Amino acid sequence: MMDKTDKPKVGLILAGGGARAAYQVGVLRAIAEMIPPGSPNPFPVLCGSSAGAINATALAIYATRFHEGVRRLVYVWRNFHVHQVFRTDVVGVLGNSVRWFAALIFGGLGRHNPIALLDRSPLRQLLSQTLPCEKIQESIGAGALHALSVTASGYDSGKSVTFFQGAPSLAPWKRSRRVGSAGNITIDHLMASSAIPFLFSAVKINREYFGDGSMRQIAPISPALHLGADRVMVIGVRQEDNADASRVEAGEYPSLAQIAGHVLNSIFLDSLEADLERLQRINKTLRRIPENHLLEGGMTLRNVDVLVIAPSEDLEKIAAQHARHLPWTIRSLLYSLGAFNRKGSNLISYLLFEKPFCRDLINLGYRDAMRRKDEILRFLEMPSA
């Protein structure tokens, strides 16, 4: 149990979601404004999956200068272009997609088989230029960071692997279909964690190929707790559940884009929401059991306070307003999949790495967080700026 005189370690969980992760940056920008300049990193434990892993790693690198780290994140996301993430030239898009579809039709093209629909080599170059991962250990040594974790999904083992770098006292863990593995976080880990299946190629780490960390991640909050977090803040990328929403009447058969968007939602969003519900049920149960009974029974479960910040607006609708900003090559590809039909813009929201969309999401995240300023500061036990 945590000493009551100690300040609790706050874990920050940044979920995946492709371009939707710009919303996280807006929330972080608001938090940076809430706390005094020069304040220590308020999140000693940083956990990310997919695009959230990239944001978490940026914070880890600049953990001794939290405000500077957020400022750099805001700058990159506010000025994003799709061509910085994957190739948008004719050869890179149409040539690869034609080969991909041909492989599906003819049952493979031998050694010329494409390994993904889109080529992410520009993202690797961008990350190599902007994220000096060797500085993560400096943040840990300075005491500004307790641990950083990046989760990826192993295609061979079928396990969700959380790679972590942190204080020497932290130990690996093993649970059903999920493990924690200690080591230095590199660009390879970030590329693997953000490798959306079919769209982006898997990345080999050690002896196994890994894909997007949100796949098979049945307990997204768990890594933060394994790494010593006493409470967790979660920044989601899907609109808060509207209990009053009515069922949509069945219309035309769903397009490939609508089905793909549905699959991505299940990969990126559903597991986190289910894990939050599970945690809240455990907390409610533990509050009904006297503490002395917990101690006598040797129960290892503990109450974990959680604060969730989620979009107040539908990101899919915002994406539909900005779809025209995509390069024509990507628009053509997505059009062929039905992404510009009704209910197809969900897929677009994951790939729309363009300034207008990202800036709208940053602004939305900023507004949502500022509306909850007092609640956030109480949770972090931080004085206001």
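**Chatting through rings, strands and salt bridges**

Author: Let's start with a charge and a ring: the charged end of R20 sits over the ring of Y350, 4.8 Å from its centre. Keep in mind that this is a predicted model.

Reader: Ok, and what does the charged end of R231 sit over?

Author: R231 has its charged end over the ring of F379, 5.2 Å from the ring's centre.

Reader: Which residue does R231 meet in a salt bridge?

Author: That would be E381, with 3.8 Å from N to O. The pair links distant parts of the chain, as R231 is in strand β9 (residues 231-235) and E381 is in the segment after α15 (373-380), 150 residues apart.

Reader: Is R231 buried or exposed?

Author: R231 is buried, with a relative accessible area of 13%. E381 counts as partly exposed, at 40% relative accessibility.

Reader: How many salt bridges does the structure hold?

Author: Eleven. One of them joins R71 and E68, whose closest N and O atoms are 2.9 Å apart. Both lie in helix α3 (residues 66-78), three residues apart, which is about one turn of the helix. R71 is partly exposed, with a relative accessible area of 47%.

Reader: And what about R87, which residue forms a salt bridge with R87?

Author: D119 does, and the closest N and O atoms are 3.6 Å apart. This pair also links distant parts of the chain: R87 is in the loop between α3 and α4 (90-106), while D119 is in the loop between α4 and α5 (121-130), 32 residues apart. R87 is partly exposed at 28% relative accessible area, and D119 is partly exposed at 26%.

Reader: Switching to rings. How many aromatic pairs are there in the whole structure?

Author: A search finds seven. Take F163 and F210: their ring centres are 5.4 Å apart and their planes are at 75°, so the pair is edge-to-face.

Reader: Why edge-to-face?

Author: Because planes over 60 degrees apart count as edge-to-face, and the planes of F163 and F210 are at 75°.

Reader: Got it. Where do F163 and F210 lie?

Author: F163 lies in strand β4 (residues 160-166) and F210 in strand β8 (residues 208-211), so the pair ties together parts that are 47 residues apart in sequence. F163 is buried, with a relative accessible area of 8%, and F210 is buried too, at 4%.

Reader: What about the rings of F164 and W173?

Author: Their centres are 5.4 Å apart and their planes are at 15°, so that pair is stacked. F164 and W173 are both buried. There's also an aromatic cluster formed by W77, F80 and F353.

Reader: Back to β4. How many residues of β4 are buried?

Author: Seven of the seven, so β4 is largely enclosed by the rest of the structure.

Reader: Which way do the residues of β4 point?

Author: S160, T162, F164 and G166 point one way, and V161, F163 and Q165 point the other way. In a regular strand the side chains alternate between the two faces of the sheet.

Reader: What pairs with β4?

Author: Strand β3 (residues 147-154) runs antiparallel to β4, joined by seven bridges. Strand β6 (residues 178-182) pairs with β4 in the parallel sense over five bridges. S160 in β4 stands opposite S153, and the bridge partner of S160 in β6 is R178.

Reader: And what's in the hairpin of β3 and β4?

Author: There are five residues between the strands, and G158 takes a positive phi near 75°.

Methods: Residues are numbered from 1 along each chain as its sequence is written. This is a predicted model: local features need pLDDT of at least 70, side-chain atom pairs count only at pLDDT 80 or more; totals for chains, interfaces and linings use all residues. Side-chain values use heavy atoms; hydrogens and water are left out. Rings of Phe, Tyr and Trp (its six-membered ring) pair if their centres lie within 6.5 Å; planes under 30 degrees apart count as stacked, over 60 as edge-to-face and the rest as tilted. Helices (H or I, at least four residues) and strands (E, at least two) are DSSP runs, numbered from the N terminus. Buried means under 20% relative accessible area, exposed over 50%, partly exposed in between (1.4 Å probe, protein chains only). A charge sits over a ring if NZ of Lys or CZ of Arg is within 6 Å of the ring centre and within 35 degrees of the ring normal. Two strands pair if DSSP finds at least two bridges between them. A salt bridge is a side-chain nitrogen of Lys or Arg within 4 Å of a carboxyl oxygen of Asp or Glu.
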